[in-house]
Amino acid sequence: MARSGELRSEIIVNLDAFVAAIRSDHLRAGVEGAVSYMAKLHCDVDEHTWEEVVRTTVIAHELHQLMLEDPYTGRAFRKPRGYAGDAEIMDYLYYRSPPASASKLGQQMFAITTVLPNSISIADRRHRIARLIDRAAAEKHRPVRVLAVASGHLREAELSSALLHGAVSEIVALDQDLRTLEVFKKDYARLPIKCAPQSIQRLLIPRPDLGKFDVIYSAGMYNYLPDALAWRLTSNLFDRLNPGGTLMACNFLPGNANRAFMESFMDWRVVMRDETQMMQLVSELPAGQIGERLISTDAGKNIAYLEIMKG
């Protein structure tokens with residue numbers, strides 16, 4: 001208990017210093033200092049101490065209240081859609097445009113937090129997905145059919161030349177949030193996108209209703225699935241591939257750069273998997289149907305990408 005009290009006092013002193021920096025117009029030093037300090041703390045303490053001492057101290061501190069003025073941090077923490085990484089959050093990271101309602105301080109913080117390493121990796125993810133779709137269309141020499149699992153606002157649609165130039169016959173966008181589906185129905189009304197208002201649980205039931213696909217991807221869903229569900233989902237999605245099709249699953253790596261900041265200031269928790277754990281998702285698939293499997297990471301080594309090709 002004595003050590004916990006000492007640690008709490010040490011944390012308060014450091015957080016006070018970051019508040020002082022922010023209030024004296026050294027905003028970047030204050031925000032980036034807090035991010036770095038949380039990362040160091042996360043490495044130095046065990047999980048129990050992190051939860052019971054570090055996180056509780058942060059949430060009770062003035063710095064946390066200041067950081068909530070940042071629309072990105074604030075929305076992640078408050079979770080108006082029930083979870084941190086909702087489609088509006090993704091738009092913040094893709095376009096880096098704060099809402100007009102944000103305070104001046106919030107806008108300034110937003111300009112910093114949306115270019116942190118994890119933020120850049122998330123923004124890059126949609127570029128990777130668009131390239132996957134374009135590559136499939138080029139290889140097939142025919143229009144391809146695509147399934148986006150937990151699609152969000154489907155912003156990769158803006159980046160796929162195959163989709164924009166008629167080389168995609170249909171994208172089925174599956175998401176359980178009807179408000180999210182309404183956004184891209186309006187924004188991409190001219191594109192061949194079909195809404196599928198379904199939960200992931202529906203996908204886990206073998207059904208022929210969605211048909212077969214040349215590309216299936218999940219940008220963020222695996223971040224929220226325990227292993228048992230992740231294996232089931234992978235098997236179900238693989239079954240929905242056409243021969244020669246590709247399934248891509250994306251997942252935060254355990255060593256992602258801003259894990260500590262996301263957990264402490266944003267209360268954004270995800271299920272993380274390393275490359276070996278991602279490759280284990282293939283273990284339940286019929287070996288004779290697997291054409292190729294690839295594992296890679298983004299440049300910042302924050303997100304892992306598993307690609308499984310069907311033979």
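This is a predicted model: local features need pLDDT of at least 70, side-chain atom pairs count only at pLDDT 80 or more; totals for chains, interfaces and linings use all residues.
Contact here means heavy atoms within 4.5 Å of each other.

**Threonine 246 and its surroundings**

Threonine 246 sits in strand S5. Leaving aside residues up to four places away in sequence, threonine 246 touches Leu132, Asp214, Val215, Ile216, Leu241, Glu307, Ile308 and Met309. Is threonine 246 buried or exposed? Its relative accessible area is 10%, and the cut-off for buried is under 20%, so threonine 246 counts as buried.

Zooming out, 7 strands make an open sheet, ordered S3-S2-S1-S4-S5-S7-S6, with mixed pairing. At the edges you'll find S3 and strand S6 (290–297); each has a single partner strand, so one side of each has no neighbour in the sheet. From one strand to the next, the twist averages 15 degrees. As for what holds such things together, strands of a sheet pair through backbone hydrogen bonds, either parallel or antiparallel.

Now take strand S2 (residues 168–174). Of its 7 residues, 5 are buried, so the rest of the structure largely encloses S2. On one hand, S2 pairs with strand S1 (residues 144–149) in the parallel sense over 6 bridges, and leucine 147 stands opposite valine 172 in S2. On the other, 4 bridges join S2 to strand S3 (residues 193–196), and these two run parallel as well. There, leucine 174 has alanine 196 in S3 as its bridge partner. To get from S2 to S3, the chain passes through helix H10 (residues 178–187), and this β-α-β crossover is right-handed.

**Helices across the sheet**

H10 lies across S2 and S3, running at about 165 degrees to S3. Helix H8 (residues 117–140) lies across S1, S2, S4, S5, S6 and strand S7 (303–310), at about 175 degrees to S5.

**Salt bridges**

How many salt bridges does the structure hold? There are 24.

| Pair | N to O distance |
|---|---|
| Lysine 40 and aspartate 44 | 2.7 Å |
| Lysine 185 and glutamate 182 | 3.3 Å |
| Aspartate 187 and lysine 186 | 4.0 Å |

Lysine 40 and aspartate 44 are 4 residues apart in helix H2 (residues 27–44), which means about one helical turn separates them. Lysine 40 is exposed at 53% relative accessible area, and aspartate 44 is exposed too, at 51%.

In H10, lysine 185 and glutamate 182 are 3 residues apart, again about one helical turn. Lysine 185 is partly exposed at 42%, as is glutamate 182 at 46%.

Aspartate 187 is partly exposed, with a relative accessible area of 36%, whereas lysine 186 is exposed at 67%.

**A buried arginine**

Finally, arginine 75 belongs to helix H5 (residues 71–78). At 18% relative accessibility, arginine 75 counts as buried. Not counting residues up to four places away in sequence, arginine 75 touches Pro80, Arg81, Asp86, Glu88, Ile89 and Tyr92.

How values were computed: Residues are numbered from 1 along each chain as its sequence is written. Side-chain values use heavy atoms; hydrogens and water are left out. Buried means under 20% relative accessible area, exposed over 50%, partly exposed in between (1.4 Å probe, protein chains only). Two strands pair if DSSP finds at least two bridges between them. A crossover is right-handed if, with the strands pointing away from the viewer, the path from the first strand over the helix to the second runs clockwise. Axes are lines fitted to C-alpha atoms, for helices over the stretch in contact, and angles run from 0 to 180 degrees between N-to-C directions. A salt bridge is a side-chain nitrogen of Lys or Arg within 4 Å of a carboxyl oxygen of Asp or Glu.
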